[in-house]
Amino acid sequence: MVHFSEYYNEGVYTTLKGNYIFIPKNRFQVLTKEVWNKIDYLDHHPHIMQITGFPDLEDDEGGLNGFLIESNETVFPIGAGFDMGCGFRVIHIPRKWKEVRLELNFLHQCLTNGVSGFPIDINDINMIMDDPINWLNMREVIGKSPEYPLFEYDQERPTHLSLEEVSKNLVQIPSGNHFVEFRYVHSIEDTSFTNRYGIYEGDLMVFIHSGSDISIKRTFMRYFAMIHARLGLGNIKLNYNGYKVQVPLQTDLAQEFLADAERASRLAFANRSAITHIIAETLQSPVQVLLDNTHSSIRAVGNKVQHRHSVQTYMGFKGEDIAVIAGTASHDCVLVKRSGQYPFLNHGVGSGGDQEADSYFNIEEVLSHGSQLGWYHTVLRIHPWLAMRNN
Ligand SMILES: Nc1nc2c(ncn2[C@@H]2O[C@H](COP(=O)(O)O)[C@@H](O)[C@H]2O)c(=O)[nH]1
Ligand SMILES: [Mn+2]
């Protein structure tokens, strides 16, 4: 048994190769053998430049949740999990939460059955993959994202996504652990921020958590299986180390995978934008999009590949770097403002799947850990009210 605690200091574990795992002590102590095997494997991998673990680090479907990998010349298809492009959008609505009950039934109908007044066809899908911002402008979508990073990709690469399926599933909540939640501001800690942007206690906050539809998720599972089979790695067992499945960056397969990863991110972003539009139209209200990010992505710049599995960066909102840390369905979510230099943070409190699970960590513990590391301070807390899902 290795006594890892000798490397643990003030909320940070330093690996043998000098990589960091930012994790509260009691979480650190219960990391499983499988998690350590994966960390150790990547820590010693010749094509890995950096790995980083975040406070909600844990095992997840062959990979690690709350985990960032930066590699050289190599793509790890499990690096973002299968829900490629998944992210949160947070919208402030300058109305009190108690005032909007009447419109919600109609909204639920729209967001779970599709919206006839907002038709989507294959041309829309092609335009979104090509230039999502232009598509939003052309469709006069209300509620633009203040900042959303698009990455260059090789648009000539063939796609393995089923565009027909995607077109049927856009402008609605995808299945899986995706939702539109109506929450409200219930305690403000940084009044200078909220006064600047007209945010008050009791105001409605809408959370859109949405990634790919099931057909996109299956595409990335197929990529994984295909690369696994090509490498002749045998059977996939429980607690499989999915990082053993890798593909050189310059191969056609890796380039197709990366192109589809960026397409999936753009489609998920467009879906969150279209959902915002439907909410704004239904509530007949202005909306203030605080942020839109993706926490599951694989992107290459030059020969460097960044893999994010449930890891977010701060987003620019009117010159301020902010993020939202999700709690659970029945707990607060928290808007934070960056106070340190470090650009990344965990997206939530773990990966519990569709239902509230025991495996979720305590948000207070996660928050105090991030604050102690000097990453951010709390701006406000957002209380749960009601949620819409589409399973
Ligand atoms: N506001 C809510 N947050 C939730 C809910 N279920 C889970 N979560 C949080 O979201 C993140 C992201 O989930 P993932 O599927 O992308 O891993 C997770 O870490 C939880 O903190 C919910 O119902 N409402
Ligand atoms: Mn997600």
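How many residues surround ligand 1, and which are the closest? A total of 18 residues surround this ligand, and the closest are E181, G327, V349, G350 and Y360. (A residue counts as near a molecule or strand if one of its heavy atoms lies within 4 Å of it.)

## Before we start

This is a predicted model, where local features need pLDDT of at least 70, side-chain atom pairs count only at pLDDT 80 or more, and totals for chains, interfaces and linings use all residues. Residues are numbered from 1 along each chain as its sequence is written, chains are lettered from A and ligands numbered from 1 in the order in which they are written, and side-chain values use heavy atoms, with hydrogens and water left out.

## Around the ligand

Look at the backbone first. A polar backbone atom of G350 is 2.4 Å from an oxygen atom of ligand 1, and a backbone N or O atom of G327 lies 2.6 Å from an oxygen atom of the ligand. On its own, ligand 1 exposes 510 Å², and the protein buries 92% of that (areas come from the Shrake-Rupley method with a 1.4 Å probe; for residues, only the protein chains shown count as cover).

Strand β8 (residues 179-188) gives the largest share of the shell around ligand 1, with three residues. Strands (E, at least two residues) and helices (H or I, at least four) are DSSP runs, numbered from the N terminus.

## Rings that meet

Rings of Phe, Tyr and Trp (its six-membered ring) pair if their centres lie within 6.5 Å; planes under 30 degrees apart count as stacked, over 60 as edge-to-face and the rest as tilted. That rule gives 27 aromatic pairs. One of them is F22 with W375, edge-to-face at 5.1 Å centre to centre, with 75° between the planes. F22 sits in strand β3 (residues 20-22) and W375 in the loop between α10 (363-372) and β19 (376-388), so this pair ties together parts 353 residues apart in sequence. F22 and W375 are both buried (under 20% relative accessible area, with exposed over 50% and partly exposed in between, using a 1.4 Å probe and protein chains only). These two rings also belong to one aromatic cluster with Y20, F54, Y342 and F344.

## Strands side by side

Two strands pair if DSSP finds at least two bridges between them. Strand β13 (residues 304-309) runs antiparallel to β5, joined by six bridges, and also antiparallel to strand β12 (residues 296-301), again with six bridges. Find R308 in β13: R308 is the bridge partner of L68 and also of S297.

Key: A polar contact is a pair of N or O atoms within 3.5 Å; within protein, one must be able to donate a hydrogen and the other to accept it, and residues adjacent in sequence count only if both atoms are side-chain atoms.
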